[in-house]
Amino acid sequence: MVARLVIAAPSSGAGKTTVATGLMAAFAGRGLAVSPHKVGPDYIDPGYHALATGRPGRNLDAYMCGTGLIAPLFEHGARGCDLAVVEGVMGLYDGAADQGELASTAQVSKLLKAPVVLVVDASSQSRSVAALVHGFASWDPEVRIGGVILNKVATDRHEHLLREALGESGVPVLGVLRRAPAVATPSRHLGLVPVAERQAAALAAVAAQAEQVRRGCDLDALMALARSAPPLHAEPWVAEVGERRSAGGGSVPALPRTPAGGTPTAPRNGGPRTPVVAVAGGAAFTFSYAEHAELLTAAGAEVVTFDPLRDEALPEGTSGLVIGGGFPEMYGEQLSANKPLRKAVAALAASGAPIAAECAGLLYLARSLDGTPMCGVLDADARMSERLTLGYRDAVAVSDSVLAPAGARMRGHEFHRTVIEPGAGAAAAWGLRQPERRVEGFVQGGVHASYVHTHWAGSPEAAARFVEHCG
């Protein structure tokens, strides 16, 4: 059984990421194996969690993966660990719009049978903190709030007033943190700046967060609370996609294509050749879920990461390409300047090889981004916008593609401040049911490009289908 805590807050901006990351680093500094998790679809916070623990940050998203997978995915990530720290999303009881508690931190805490530590921004209150904590602790009797960490406390006098107010609440104060500029992490249009873009500064910030938590929190009491969580009785999730079939077999027809990207990896022990799936990484493409690579590997692929900012060629033997989310708008000139790689990507697409592109990947495949040439795979142009597009999406495949047959349903998430024109190709990727009905994305040969981020743990058949089309 893994000891576990959920770090939540009454609202965004209270300091969840700072506290959760600091706790992860502080406990790891004690020699514990700490498993980091994040509620919801966020890609950036898990990067800081990984820096704090030395383990992959993993997401627990009840909307995209389903409630039944939350405990198994948790057990998979936490296997062999002494402690798991789960950072919440938004306010404790906030979840998917118009879906009740679905995908909220509260729901995930119940699915994990995990005690909650409430991080409260105390900067503008004293006695009122007791009413706030009482309300959150009593709202849902199935959510166990085991303690409070008071953040942004100004002075010793302020701390005294807060502790006095909470004295009769029945919820213990497990930490008091002063304002500390050193622990701050810079933000921009889509949230925190990813670790990959500020490695040295991020390391220093995480170290400062750990020191702040060590000084201000009762780590022994927090560990005791974590150990009070009951057994989960859930089998760990396993990256299984079924037995790999030959191209053209069964219900997954192969797309016509010619060889591209070199020679596939040599057969292992005389078996079928192993297709190489290249996955974009580096500072421009930081958004990915660890389970995607695990599912591709389980489907029979060799996953190789490359950096479009630096590498002038795709990995040797590339027969499939995955380009996830990130910030190409911050690196447009550098991406454009890498003409050899842009040509290689265009040639791979022209060959009919499978390419799965989400959000940033969609922009990279476009003709241009803010007037700067991109790969030109899609007859579309992208630009930055003032409008934030954000929210969960209930999607139905409009066209047969390397990820899904027409009519297949998947759940995903959009998060961007860009627009692409046109918004959909002659063969669209998805039909979206919410918040308004529309089609979006492009299916073109072996290319599936869309703004919608998906989590393949909830639809493992997507990984199997993708690798199948690698030939």
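**Questions and answers**

Guide: Pro56 lies in the loop between H2 and S3. Helices (H or I, at least four residues) and strands (E, at least two) are DSSP runs, numbered from the N terminus. This is a predicted model in which local features need pLDDT of at least 70 and side-chain atom pairs count only at pLDDT 80 or more, while totals for chains, interfaces and linings use all residues. Residues are numbered from 1 along each chain as its sequence is written, and side-chain values use heavy atoms, with hydrogens and water left out.

Visitor: How does Pro56 count by relative accessibility?

Guide: Buried means under 20% relative accessible area, exposed over 50%, and partly exposed in between (1.4 Å probe, protein chains only). The relative accessibility of Pro56 is 45%, so Pro56 counts as partly exposed.

Visitor: Which residues is Pro56 in contact with, leaving aside its neighbours within four places in sequence?

Guide: Contact means heavy atoms within 4.5 Å. With those neighbours left aside, the contacts of Pro56 are Pro36 and Ala290.

Visitor: At what angle do helix H2 and helix H8 pack?

Guide: Axes are lines fitted to C-alpha atoms, for helices over the stretch in contact, and angles run from 0 to 180 degrees between N-to-C directions. Helix H2 covers residues 44–53 and helix H8 residues 199–216, and their axes are 10 Å apart. The angle between them is about 70°.

Visitor: Which class of direction does that make for H2 and H8?

Guide: Angles under 35 degrees count as roughly parallel, over 145 as roughly antiparallel, 65 to 115 as roughly perpendicular and the rest as oblique. The packing angle is about 70°. That makes H2, relative to H8, roughly perpendicular.

Visitor: Which residues in H8 do Tyr48, Leu51 and Ala52 in H2 meet?

Guide: Tyr48, Leu51 and Ala52 are on the H2 side of this contact. On the H8 side are Gln199, Ala202, Leu203 and Val206.

Visitor: Where in S6 is the bridge partner of Val116?

Guide: Strand S5 (residues 116–121) and S6 pair in the parallel sense over six bridges. Eight of the nine residues of S6 (residues 145–153) are buried, so S6 is largely enclosed by the rest of the structure. The partner of Val116 is Ile145.

Visitor: Which residues of H14 are buried?

Guide: Six of the eight residues of helix H14 (residues 461–468) are buried, so H14 is largely enclosed by the rest of the structure. The cover over these residues includes strand S10 (276–280), helix H10 (290–298) and S17. The buried residues are Ala462, Ala463, Arg465, Phe466, Val467 and Glu468.

Conventions:
Pairing = 2+ DSSP bridges.
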